[in-house]
Structures are given as C-alpha cells and as structure tokens.
Amino acid sequence: CSIVVGHRHSGAMEAFTVAPLSVQPATPVTPAVLQASPNIAPQASGNHGFTQTLVGAAAAAAAARGVTRAQRQKRRATRLAQPAGLDEKRFPVLSRRDAPVGSFPKMPDSVHPGVVSGQALVDLLNHAKENGYAIPAVNCVSSSSINACIEAARKMDAPIMIQFSAGGAQFYAGKGLDNSEFHAAIAGAVSGAYHARAVAEQYGVPVILHTDHCAKKLLPWFDGLLEADERYFERHGEPLFSSHMLDLSEEPLEENIEICVKYLERMAKVNCGLEMELGITGGEEDGVNNEDANPEDLYSKPEEIFQVYDALSKVPNGFFTVAAAFGNVHGVYQPGNVKLEPTILDKAQKYISEKIGAAEGSKPVSFVFHGGSGSDLKDIREAVDYGVVKMNIDT
C-alpha cells in the first residue's frame with residue numbers, strides 16, 4: 001500500500017510504498033480504483049495537519065482484477081451455506097448459520113457447546129435433575145469474569161450458568177452512563193450476553209445465559225431485556241438470554257404468581273425460561289435487604305409451592321424453575337451459621353406429586369438454590385437430591 005505522510009511542524013511531505021514479500025509494485029491509485037473501492041479515503045490537504053492515507057492493497061488488487069462487490073458477497077454466501085464440520089469453530093454472533101455445531105459428551109443430543117436455550121435448556125436442566133447435579137450460576141460484572149467462569153467450566157468439562165444482576169449489568173456498561181429508565185443496566189446485560197455468545201462456543205462447553213433477581217421496582221429493566229430477546233429471536237430463532245428471574249417474593253403470593261404468569265406467557269413465545277422466587281432469601285443483594293426478615297418467612301410451605309407450580313404449568317410452552325426459600329441467606333457465611341432445611345424441598349416434591357398423580361419418587365419441580373456460597377456440603381448434596389438444578393454462588 002502507498003502511504004503519504006505530512007509532517008506536523010515542517011510541512012514536508014514523504015511518500016513510500018510497502019510492497020508484498022514478492023516485491024511487486026503497488027497498484028497505482030487511479031480514479032477508477034478509487035471509484036471501485038469506496039472504502040479508500042481521498043488524500044486530505046493542508047500544510048500543518050497530519051495526513052495519512054492508506055490504500056488497501058487487497059481492495060485495489062480486487063478492483064484491478066474486476067472482482068465486484070456482488071461477486072464477493074456471492075462467494076461468502078456460498079461458503080456460509082455449507083454445513084460446518086464438527087471441528088470447525090465459527091462465531092455464532094457474526095455468522096449466519098442457524099445452529100451451533102457439535103455436541104457435548106454424556107448430555108442430551110440437543111445440548112451443544114455454546115449458549116443453550118429453548119428445548120436444549122429444558123433438556124439440560126432435566127438432565128441435571130435426573131442425574132443428581134446442579135449447575136453453578138455466577139453473577140458476572142465484566143468480560144473478564146465471564147471468561148474466567150467459562151474457562152473454569154471447560155477445565156471441569158461441565159456446563160455453567162452466566163448471570164447478571166441489575167447492578168452488575170449497570171457496572172458492566174460503565175457507571176458513567178446514565179441509568180435513567182435502567183438504560184445502562186439494559187445495555188450492560190445485553191453487552192455481556194453478546195460477549196458470552198461470542199466466546200462460549202469457542203470454549204466448547206454449554207452455557208446458560210441468565211439474569212438474576214428482578215424485584216417489582218426493576219420491572220422496566222426486565223421489560224428491556226425481553227425486548228432484546230424478542231428482537232434476537234426474530235433474527236436467530238432463539239432468545240438472546242436463555243432465561244430470566246423475577247423476584248417478587250416481597251409481594252403477596254397471589255400478585256407474585258399473577259405477574260409471573262403474565263410474563264411467562266410472553267417469554268414462552270420466544271422459548272425463554274423463567275425463574276421465580278417465593279418466600280424470602282435472607283441477607284442483602286442488589287439493594288434488596290432482608291437482613292431483618294421474619295425467620296418464618298425464610299421457609300416456603302409445600303402448599304405455596306404447589307400454587308406456583310399449578311399456575312405456571314398451565315402456560316403453553318412455558319418452562320420455569322422455582323427458587324423456594326428453605327433458610328437461604330445471601331452472602332458468604334461459615335457452614336453452620338445459616339440454618340438450611342432442604343427437607344422442605346422434599347416435602348414439596350412429595351406433596352405436588354400426590355396432587356398431580358405423579359409416580360412416587362417423582363420430582364416435578366426444578367428448584368433453585370439461592371445464597372449457596374459457604375453452605376455445608378451435606379446441605380448442598382441433600383438439596384440436589386431433592387431437585388435443585390441451579391445453585392447461585394459468589395453472588
């Protein structure tokens with residue numbers, strides 16, 4: 001390429017050519033070449049301004065050969081239409097192919113490396129419940145924390161869940177941005193989702209994209225995320241996020257259920273899952289402080305869990321998980337300082353199974369374990385045995 005440099009102080013001009021390794025002369029920059037290559041900027045003038053004009057060697061050579069933009073686009077379309085091999089890694093956010101490639105060992109066929117949603121999400125969480133493990137969910141506040149989590153999942157050869165809280169998403173976008181109407185929090189979560197989608201498949205592990213607690217006062221943030229899901233679904237046939245959480249546990253149970261049903265009906269249309277919470281998780285997170293909560297409210301009742309299950313199960317194509325309270329507290333505590341009662345989950349599974357006529361030993365509800373950091377290993381294993389498929393850590 002040819003480079004023309006004007007010195008800022010002397011005004012003197014120098015011109016030199018960077019040629020390929022074959023030492024062939026650079027293609028002359030003629031009006032015809034400029035017209036055929038609109039990305040080549042015309043040389044600016046001025047005695048004191050710094051001027052640098054780069055002539056793209058590839059673009060100029062293509063113009064000289066008579067290769068048109070339409071021909072290049074046709075070649076690219078043909079290349080993208082070809083099926084991707086299992087070892088070929090393409091960038092799902094940047095390419096036009098419909099579905100990720102490859103599969104993940106010992107998982108249902110629908111579960112693949114990269115972000116999973118829709119039926120793949122359902123199959124993955126059901127697989128966790130049937131095989132006695134829970135997927136760790138970590139709140140991320142930067143691209144570095146996303147990368148660290150997915151890299152850890154790759155080292156463990158296991159799926160992982162990346163999630164964003166409203167405050168964490170605002171931090172991701174930058175605290176300098178105006179967060180009126182939660183614009184910064186929406187932008188940060190969407191930005192994090194695109195980053196995760198761009199790198200997840202390259203790491204070769206299944207990733208669930210999720211957003212964390214959304215209280216009633218944060219519903220405008222939730223609405224913005226759903227709009228992003230719907231736009232992404234129009235283009236790609238799946239939502240941007242795998243699922244979202246509504247935390248209306250501070251509201252009366254009837255109102256909590258009513259709002260969750262309304263949102264799940266909307267989310268089901270784009271194959272997006274819902275996590276809901278009932279009862280109260282102690283401690284403080286993202287501006288919601290339950291440190292002085294009534295101890296009785298830290299434990300959900302089987303009848304209440306059934307009300308949730310019964311209402312949400314009626315939503316066509318709806319998929320949901322339940323964050324029931326069994327003594328959970330946000331924050332990191334030494335084992336023994338938090339009184340967990342995982343048997344509440346067991347009682348709820350048995351109660352609901354009897355109500356719906358399911359076989360003995362069934363686990364109709366997919367539970368979520370909040371406030372998992374620092375929990376006793378015995379409590380964790382017991383909760384997983386009773387149907388916990390997702391466990392929040394380091395939140």
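Predicted model: local features only at pLDDT ≥ 70, side-chain atom pairs only at ≥ 80, totals over all residues.
What is the handedness of the crossing of α7 and α8? The crossing is right-handed.

## How α7 meets α8

Let's begin with the pair from the opening question. Helix α7 covers residues 183-203, and helix α8 covers residues 219-236. Their axes lie 9 Å apart, and the two helices pack at an angle of about 40°. The pair is therefore described as oblique.

Which residues make the contact? On the α7 side they are Ala185, Ile186, Ala189, Val190, Tyr194 and Arg197. From α8 come Pro220, Trp221, Gly224, Leu225, Ala228 and Tyr232. Sorted by class, this contact has 10 nonpolar residues, one polar residue and one charged residue.

## How α10 meets α11

The crossing of α10 past α11 is right-handed.

To find this contact in the structure, look on α10 for Pro302, Glu303, Ile305, Phe306 and Tyr309. Their partners on α11 are Lys347, Ala348, Tyr351, Ile352, Lys355 and Ile356. How do the residues of this contact divide by class, and how many are charged? Eight are nonpolar, none are polar and three are charged.

Key
Residues numbered from 1 in each chain as written. Heavy atoms only, no water. Axes fitted to C-alpha atoms, helices over the stretch in contact; angles between N-to-C directions. Helix = DSSP H or I, 4+ residues; strand = E, 2+ residues; numbered from the N terminus. Parallel < 35°, antiparallel > 145°, perpendicular 65-115°, else oblique. Left-handed = near helix turned anticlockwise from the far one by under 90°. Contact = heavy atoms within 4.5 Å. Nonpolar A, V, L, I, M, F, W, Y, C, P; charged D, E, K, R; others polar.
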